[in-house]
Amino acid sequence: MSKVEISSSKVYSGEENQILQEFKKHIEALIKKDKAGIEAFLDPSFQLIHMTGTVASKSQYVNDVMTGVLNYYHSKIINPEIEINNDSAKMKVDVNFDAKVYGGKGNWTLHSKNHFKKINNKWYFVKWDNI
C-alpha cells in the first residue's frame, strides 16, 4: 500500500494526470529517501519555499531530505487544481504530511502553489511554494 494517497472527487486525465502522478511519485521518493527518484522530477532551477518563507535550492532541498533534516512518513494530496498553459502548469493543492521537520514531529498541511514546466514532453517540478 502506498504511503501517498490522492483525495479528490475529480477524475484527472491527460497531462493533468501526468503531472499529478509525477508529483505523487516525487512524494513517494521523499518518503523512501530515494535520491535519484527525488532528483528525477526536479528542474535544475527548482526552489522549495517553506511555510516560514525560507527558500531552499534544489541541492539544499535534496540534501535536507537525505541527511534527515526533512523526514516524511505519510502524505495525502488533497483536491489538486491543475491549470496547464502550453509548456507550463500550476497546481494549487493542500498536501498533508506526517513528518519530522527540523526536529519537530507532527502533521502539517501545506497550502501549496506548485509550478511545473514541460521539456521534451516530460514535466519537471520548478517551484513548491508553501506560503
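Leaving aside neighbours within four places in sequence, which residues is K118 in contact with? Contact here means heavy atoms within 4.5 Å. The answer is E15, N86, D87 and W123. Keep K118 in mind.

Some ground rules. This is a predicted model, in which local features need pLDDT of at least 70 and side-chain atom pairs count only at pLDDT 80 or more, while totals for chains, interfaces and linings use all residues. Residues are numbered from 1 along each chain as its sequence is written, and side-chain values use heavy atoms, with hydrogens and water left out.

Now, the salt bridges. A salt bridge is a side-chain nitrogen of Lys or Arg within 4 Å of a carboxyl oxygen of Asp or Glu. How many does the structure hold? It holds 6 salt bridges.

Start with K118 and E15. Their side chains meet in a salt bridge, 2.5 Å from N to O. Where do the two residues sit? K118 lies in strand β6, residues 104–119. E15 lies in helix α1, residues 14–32. So the pair ties together parts that are 103 residues apart in sequence. A word on the naming: helices (H or I, at least four residues) and strands (E, at least two) are DSSP runs, numbered from the N terminus.

The side chains of K118 and E15 also make a polar contact, at 2.5 Å. That term covers a pair of N or O atoms within 3.5 Å; within protein, one must be able to donate a hydrogen and the other to accept it, and residues adjacent in sequence count only if both atoms are side-chain atoms.

Is K118 buried or exposed? Buried means under 20% relative accessible area, exposed over 50%, and partly exposed in between, with a 1.4 Å probe and protein chains only. K118 has a relative accessible area of 17%, so it is buried. E15 is partly exposed, at 26%.

E15, D87 and K118 are linked in a network of salt bridges.

Next, a pair inside helix α1. E22 and K25 both lie there, 3 residues apart, about one turn of the helix. They form a salt bridge, with the closest N and O atoms 3.2 Å apart. E22 has 21% relative accessibility, so it counts as partly exposed. K25 is partly exposed too, at 47%.

Last pair: K10 and E16. Their salt bridge has its closest N and O atoms 3.2 Å apart. K10 counts as partly exposed, at 42% relative accessibility. E16 counts as buried, at 18%.
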